[in-house]
Amino acid sequence: MKIQIINGPNLNLLGKREPGIYGSGTFEEFLEWLRKRYPAEEILYYQSNSEGELIDKIHEVGFGAAGGIVLNAGAYTHTSVALLDALKAVETPAIEVHISNVHKREDFRHKSMISAACMGVICGFGLDSYRLAVEALLAKAQRE
Ligand code: DQA
């Protein structure tokens, strides 16, 4: 299965950014580990700090190019109707992920604009949130 991970704004700084919340490892290190753990799957990775570029990537992979999307939209999660519409427009199932438990944090992080267009939401497990999302996509594919 082709799985497209999409990371939004500021997630390029993982490892340096607020390590008490997001951990001290880089996403690239984690990705290497994840690909080794799922050698039979093709795990693609894209990161952008721009809302429009995230939307373009969802359009690009959302009609068959990927079997599933794992999306951490960062702060756009809480603001972007455009990302919600993009997820609604495509066919590929998406899972919303967050490294931190957004519900334990500031009130503005409790609201997600994109959850309604996602298969499910996984948050609060550190980078393992992404692995859990991959598991959920694989389990779904197996059921179908
Ligand atoms: C985040 C949570 C968001 O509220 C925040 O803006 C991020 C990262 C997370 O992975 O925990 O950039 O999506």
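These entries record what I looked up about the ligand and its pocket in a predicted model.

Entry 1, location. I asked where the ligand sits, and I found it in the largest pocket. I noted a volume of about 170 Å³ for the largest pocket. I then looked up its lining, which comprises 15 residues. Arg-17, Tyr-22, Gly-74, Ala-75 and Arg-109 are the ones that lie nearest the pocket centre. By class, I recorded six nonpolar, six polar and three charged residues in this lining.

I listed the residues around the ligand: Arg-17, Tyr-22, Asn-72, Gly-74, Ala-75, His-78, His-98, Ile-99, Ser-100, Val-102 and Arg-109.

I examined which protein atoms approach the ligand oxygens. For Ile-99, I found a backbone N or O atom 2.7 Å from an oxygen atom of the ligand. For His-98, a polar side-chain atom lies 2.8 Å from a ligand oxygen. For Arg-17, the corresponding entry is a polar side-chain atom at 3.0 Å from an oxygen atom of the ligand. I next looked up the burial of the ligand: taken alone it exposes 320 Å², and the protein buries 99% of that area.

Definitions and conventions:
Residues numbered from 1 in each chain as written. Predicted model: local features only at pLDDT ≥ 70, side-chain atom pairs only at ≥ 80, totals over all residues. Heavy atoms only, no water. Near = heavy atom within 4 Å. Polar contact = N/O pair within 3.5 Å; in protein donor to acceptor, adjacent residues only side chain to side chain. Areas by Shrake-Rupley, 256 points an atom, 1.4 Å probe, with all protein chains shown as cover. 1 Å grid on protein atoms, 1.4 Å probe; cavity = no way out; pocket = protein on both sides within 12 Å on 5 of 7 lines; lining within 4 Å. Sits in = over half its atoms within 2 Å of the grid points. Points joined across faces, edges and corners; volume = space filled by probe spheres on them. Nonpolar A, V, L, I, M, F, W, Y, C, P; charged D, E, K, R; others polar.
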